Number of protein chains: 2
Amino acid sequence: MAPPLTVTFAGGATGPWRIESMSSISGEALPVAERLAMDVEPMVRRDVAWSLRGVVSNTRYTTAEELNALNVVSPPLRRPEAVCAALIPIRKSDAWWSMAQDQRRAVFEERSQHIARSLRYLPAVARRLHHARDLGEPFDFLTWFEFAPQHAAGFDALLAELRASEEWHYVEREVEIRLVRDET
Amino acid sequence: MAPPLTVTFAGGATGPWRIESMSSISGEALPVAERLAMDVEPMVRRDVAWSLRGVVSNTRYTTAEELNALNVVSPPLRRPEAVCAALIPIRKSDAWWSMAQDQRRAVFEERSQHIARSLRYLPAVARRLHHARDLGEPFDFLTWFEFAPQHAAGFDALLAELRASEEWHYVEREVEIRLVRDET
């Protein structure tokens, strides 16, 4: 197991992903940017409108049974056909973070079925979660999704399901950034 | 709820805590230092032998029932009589971090009784946990303990109990630093 990977998402003038839209779902928006770069090494980039860091860390809620089910159907990132992507930075409320582990788990899965719902969209949608709260970042999580154009409607349906769930009562800031890869 | 507090422990020539001993329990030791400073703001300190950062973050395993039990008896830091302290940096193995949440919880509490054992030493021993793994630090956790001299033997007994538990099979590096406060 490698040490946790720190990833920087930089919105600005450069990067392989073209930003198609940026929507503020809750709370403050992010400044407009044209392109997105995802760096795993520290990089100096010019013309950056915003820069968000997160860590690919250990799972926090997933049980062994759920992890096995996910591992069987989870695709890797960078599939050639997966030219559509979404970056969704989220911050949860103080009410969320002050709950104990079993209370957060109950909202997350027993009542909101975050994992069960997501499983139905696999292997179409590849996903990587980055934890940002402990880094002192403005968001708690940065989730990155990749999928082929024919799965965009399914991805929209997954977002709608999750946003209607009890877990989302605790989301106080959310930005949805949709992207297309036009450089390899 | 305040944003997560980032704390830097600096071992060197300055700071209110005098280091009485530094023992490597497992794995590589830390360089010898005379004194310890605990900074919550970025500080430039000279003559630093080592510097370790961690974040006071949300609980990861504690249930609501356990959290209530802990909150009733947990003392604050900096009690005037608590002039003894320990800083115990720990790194856990890949085997630990690759387990799912329910498996880690089962080892941590159901089989090792980490919380139940610690509760018996409250309110004598004040404790603050700092998460360091996601920061790319050499340790995963930095735990800080404060107690009065008459509770030092009890604190030693708690350490012995925890180190004999199944959870400690997953500890691959541990340093025990014992300190006395002689500056206020």
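Tutor: Start with the lining of the largest cavity. This is a predicted model. That lining divides into four nonpolar, four polar and seven charged residues.

Student: What makes this space a cavity?

Tutor: A cavity is a set of points where a 1.4 Å probe fits but cannot get out. About 140 Å³ of space lies in the largest cavity. It is lined by 15 residues. Closest to its centre are A:Arg60, A:Trp97, A:His131, B:Asn58 and B:Arg60.

Student: How many cavities of 30 Å³ or more are there?

Tutor: The count comes to two. The second largest cavity holds about 30 Å³. Its lining includes B:Ala10, B:Gly11, B:Gly12, B:Ala13 and B:Thr14. B:Ala37, B:Arg45, B:Arg46, B:Asp47 and B:Val48 also line it. Strand S1 (residues 5-12) of chain B gives the largest share, three residues.

Student: Now the two chains. What makes a residue count as in contact across them?

Tutor: Contact means heavy atoms within 4.5 Å. By that rule, 26 residues of chain A are in contact with 26 residues of chain B.

Student: How much area do chain A and chain B bury between them?

Tutor: About 2200 Å², 50% of it on carbon and sulfur atoms. The value is the accessible area lost on being put together, summed over both parts.

Student: Why is the pair B:Asp134 and A:Arg60 called a salt bridge?

Tutor: The cut-off is 4 Å, from a side-chain nitrogen of Lys or Arg to a carboxyl oxygen of Asp or Glu. B:Asp134 and A:Arg60 meet at 2.9 Å, N to O. The pair therefore qualifies. Between chain A and chain B the count is two salt bridges. There are also 10 residue pairs in polar contact between these chains, both residues at pLDDT 80 or more.

Student: Which elements of chain A give two or more residues to the side that touches chain B?

Tutor: Helix H1 (64-73), helix H2 (94-97) and helix H3 (101-111). H3(A) gives the most, with four residues. That side of chain A divides into 11 nonpolar, nine polar and six charged residues.

Student: How do you know that B:Asp182 and B:Arg18 form a salt bridge?

Tutor: Their side chains meet at 3.2 Å, N to O. The limit is 4 Å, so the label holds. The pair links distant parts of the chain, 164 residues apart. B:Asp182 lies in the segment after strand S8 (171-181) of chain B, and B:Arg18 lies in strand S2 (residues 17-26) of chain B. Over all chains, the whole structure has 36 salt bridges.

Student: What is omega for the cis peptide bond from A:Leu122 to A:Pro123?

Tutor: Omega is near 5°. A:Pro123 sits in the loop between H4 and S6 of chain A. In chain B, a cis peptide bond joins B:Leu122 and B:Pro123, with omega about 5°. B:Pro123 is in the loop between helix H4 (114-119) and strand S6 (126-131) of chain B.

Student: What is phi of A:Asp47, and where is this residue found?

Tutor: Phi is near 55°, a positive value in a residue other than glycine. A:Asp47 is in the loop between strand S3 (35-39) and strand S4 (48-56) of chain A.

How values were computed. Residues numbered from 1 in each chain as written. Chains lettered and ligands numbered in written order. Predicted model: local features only at pLDDT ≥ 70, side-chain atom pairs only at ≥ 80, totals over all residues. Heavy atoms only, no water. Buried area = accessible area lost by both parts, 1.4 Å probe. Polar contact = N/O pair within 3.5 Å; in protein donor to acceptor, adjacent residues only side chain to side chain. Nonpolar A, V, L, I, M, F, W, Y, C, P; charged D, E, K, R; others polar. 1 Å grid on protein atoms, 1.4 Å probe; cavity = no way out; pocket = protein on both sides within 12 Å on 5 of 7 lines; lining within 4 Å. Points joined across faces, edges and corners; volume = space filled by probe spheres on them.
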